[in-house]
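This report walks through selected features of one model.

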Amino acid sequence: MSGRHRTDELDDGYNLPPRRRRRGRAAVLAPLAGSVALAVLLGVAAFVIINRDRGCMGGEIPLRVTASPDIQPAVSRIAERFTKAAHEIDGGCAVVTVTGDASATVAAGLGGTGGKVGAMDVWIPDSSLWVTGLRAKNPQAPAPGPSVARSPIVMVTSGSVVQDLRKNLGRVGWSGMIAAANVTDPGGPGRRVRVLTLDPSLNAAGLGALLAASGTATASGVGQQELVGALKTLSGSTVRDQEALLASLGVKGRRIPVGVASEQGVWAFNNAKKPQAPAVPLYPAEGTIDLDYPLVVTAKDSRVRAVAEAFQKDLAGEAAAKDLRDRGFRTPDGQGGEALSASGGFQAKAPRTLRTPDAATVAKLSQSWSRLNLGTRLLTLLDVSGTMALPVPGTGLTRMQAITRIATEGIKLFPVKSEIGLWEFSTHLEGQGVDYRRTVPVGPLTENLDGVLRRDLINRKLATTKAVETGDTGLNDTLAAAYEQMNKEYQGDKINTVLILTDGAGNDDPDGGVSNAEILRRLKEAYDPERPVSVLIIAFGPDAPKGKRQMDALARATGGDAYIAKDIGQVRTFFLEGMKRRICAPHC
């Protein structure tokens, strides 16, 4: 029989009766087993295909990123998208995690001056200034890579006082800020404008603002004295963090507040806090320094560094740029997004970028700031000898009245954290041979002494002090005792100074005491450049030039200075000269 065999036929051609199938457990499980097998096969295939596409057969390659807190949300969003895209690096799957930490904290940790830094492979600080500082101390520290984003450092005030500020400050810029902070010009814009800044040791925006302000001030011919005066004023009005500074702008006061912040910081504050009078950015006319958010690779492992390189490229893409612009940042080329709208006072075009100073300039300004911010420990020696009762021709004042006004004016220049004391000197003020009286002991100006603040007590004593008409000038004995005490009580975190306020007649002690040669020898022997106590002398009156040679010798023996005032207004200049010496001491 030709053709296909039927399934119910045997080879010999005989037919068999059909078998009845028994439906039981095996019949039910058979199709189920087939389905499970198919699902398993499909699942395995899917796993293989998916993991082949993800590149995860070699395991995960983690990249740990530490970013400045202001940019962390944007970088986290970019990292999440990057991880989901399953980038294959050397057969492994790139996984990026982002944490936030203050740039100053990380820089201190990396430089060995702070606490332990958390494990990280990439660092994105808010400014390359931190990296420059690290590399100045350790050239082996990682170099800054490409900029991830930018945010110009701006001046900022409350929207409710913008017009008043412009009227009082004139052209908004760094030179105007220096003018408003200049203590040598009490009649200037500082009468109506209060300047706030961020602590430059903790905030790159604060450091960048100081660099921009000092650079433009110097370029425009502002003297070093005025600049030091402005820096000293600013050192007394620093705010620890940006949010606190921006919040303080809305507090009403006698003077119009103006501060510094990053452009993105202003945007973030307005959007998060929604103040009744939003903060308004003011773009300095001279240009500004930008926060540049460099990407710094700290990883050593080659595969991790490869992931960092891939993530860096992703950060430079358009999707990442949109994330950054949506959060108030500009892209590295200065382009801003809709977040920086003109309605909030922001400008679409990026301001002119000033050249960032080199490492030496940054270090010098930082050191100057640190020294200006050292506390003050000052013992003032006030001449009350008989010649102080004489009139000063053309002033209507006695020498005593003039010198106490100089002292009162000088004390105003010291911040409240200063420690100041007052002695009077003539001859035999506290018994035979004791030429000085400890009027107010050295201590904090804010300390309460029998119900009176030390600052107020000193001012009262100055206002009521009268010359001892029969007294001579026991300056040398007084200076010897004062210098010995200040040396004994030396405080390393402060500038320690003995200030002499006199009419310049010099030492005049008929009963003997320490001679001019002896006091010079004692001062030279006692002066320690590692624990410097300087002598500052301010003389006022017609006899001052006669004693200038000896006064100069006393001051030089301790790295100090001696000045002759022609009018009371000069006292600010002299005190600022003394502050300038803080920067170079003890090697002036």
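Lysine 84 and glutamate 80 both belong to helix H2 (residues 72–84). They are 4 residues apart, about one turn of the helix. Helices here are DSSP runs of H or I with at least four residues, strands are runs of E with at least two, and both are numbered from the N terminus. The model is predicted: local features need pLDDT of at least 70, side-chain atom pairs count only at pLDDT 80 or more, and totals for chains, interfaces and linings use all residues. Residues are numbered from 1 along each chain as its sequence is written, and side-chain values use heavy atoms, with hydrogens and water left out.

The side chains of lysine 84 and glutamate 80 form a salt bridge, at 3.5 Å from N to O. The term stands for a side-chain nitrogen of Lys or Arg within 4 Å of a carboxyl oxygen of Asp or Glu. Side chains of opposite charge can pair when their charged atoms come close. Lysine 84 is exposed, at 64% relative accessibility. Glutamate 80 is partly exposed, at 40%. The cut-offs are under 20% relative accessible area for buried, over 50% for exposed and in between for partly exposed (1.4 Å probe, protein chains only).

## Salt bridges between distant parts

By this rule the count comes to 24 salt bridges. One of them joins aspartate 290 and arginine 150, with 3.7 Å between the closest N and O atoms. This pair links distant parts of the chain, 140 residues apart. Aspartate 290 sits in strand S11 (residues 290–291). Arginine 150 sits in the loop between helix H4 (128–137) and strand S5 (151–158). Aspartate 290 is buried at 11% relative accessibility, while arginine 150 is partly exposed at 24%.

Arginine 399 and aspartate 543 also meet through their side chains, at 2.9 Å from N to O. They too link distant parts of the chain, 144 residues apart. Arginine 399 lies in helix H14 (residues 399–411). Aspartate 543 lies in the loop between strand S21 (533–540) and helix H18 (548–556). Both ends are buried: arginine 399 has a relative accessible area of 4%, and aspartate 543 has 18%. Elsewhere, salt bridges with shared partners join Arg377, Glu419, Glu489, Asp493 and Lys494 into one network.

Tyrosine 293 is not a glycine, yet its phi is positive, about 40 degrees. Its place is the loop between S11 and strand S12 (296–297). Tyrosine 293 is buried, with a relative accessible area of 0%.

Aspartate 450 also has a positive phi without being a glycine, about 55 degrees. It falls in the loop between strand S18 (448–449) and strand S19 (452–453). Aspartate 450 is exposed, at 82% relative accessibility.

## The cavity

The structure holds 1 cavity of 30 Å³ or more. A cavity is a set of points, on a 1 Å grid over the protein atoms alone, where a 1.4 Å probe fits but cannot get out; lining residues have an atom within 4 Å of a point. The largest cavity has about 30 Å³ of space. Grid points are joined across faces, edges and corners, and the volume is the space filled by probe spheres set on the points.

Its lining consists of Thr380, Ala407, Ile411, Gly421, Leu422, Ile458 and Leu462. H14, strand S16 (419–425) and helix H15 (454–464) are the elements that give two or more residues to this lining. By class, 5 lining residues are nonpolar, 2 are polar and none are charged. Ala, Val, Leu, Ile, Met, Phe, Trp, Tyr, Cys and Pro count as nonpolar, Asp, Glu, Lys and Arg as charged, and the others, Gly among them, as polar.

## An open sheet

An open sheet of 5 strands runs in the order S2-S3-S1-S4-S12, with mixed pairing. Strand S2 (88–89) and S12 stand at the edges with a single partner strand each, so one side of each has no neighbour in the sheet.

S2 pairs with strand S3 (residues 92–100) in the antiparallel sense, over 2 bridges. Pairing requires at least two bridges found by DSSP between two strands. Glutamate 88 has cysteine 93 as its bridge partner in S3.

## Around leucine 390

Leucine 390 occupies the loop between strand S13 (375–383) and strand S14 (391–392). It is partly exposed, at 39% relative accessibility. Leucine 390 touches Leu397, Thr398 and Arg399, not counting residues up to four places away in sequence. Contact means heavy atoms within 4.5 Å. The C-alpha atoms of leucine 390 and methionine 400 are separated by 7.9 Å, and the two residues are 10 apart along the chain.

Note on methods:
1 Å grid on protein atoms, 1.4 Å probe; cavity = no way out; pocket = protein on both sides within 12 Å on 5 of 7 lines; lining within 4 Å.
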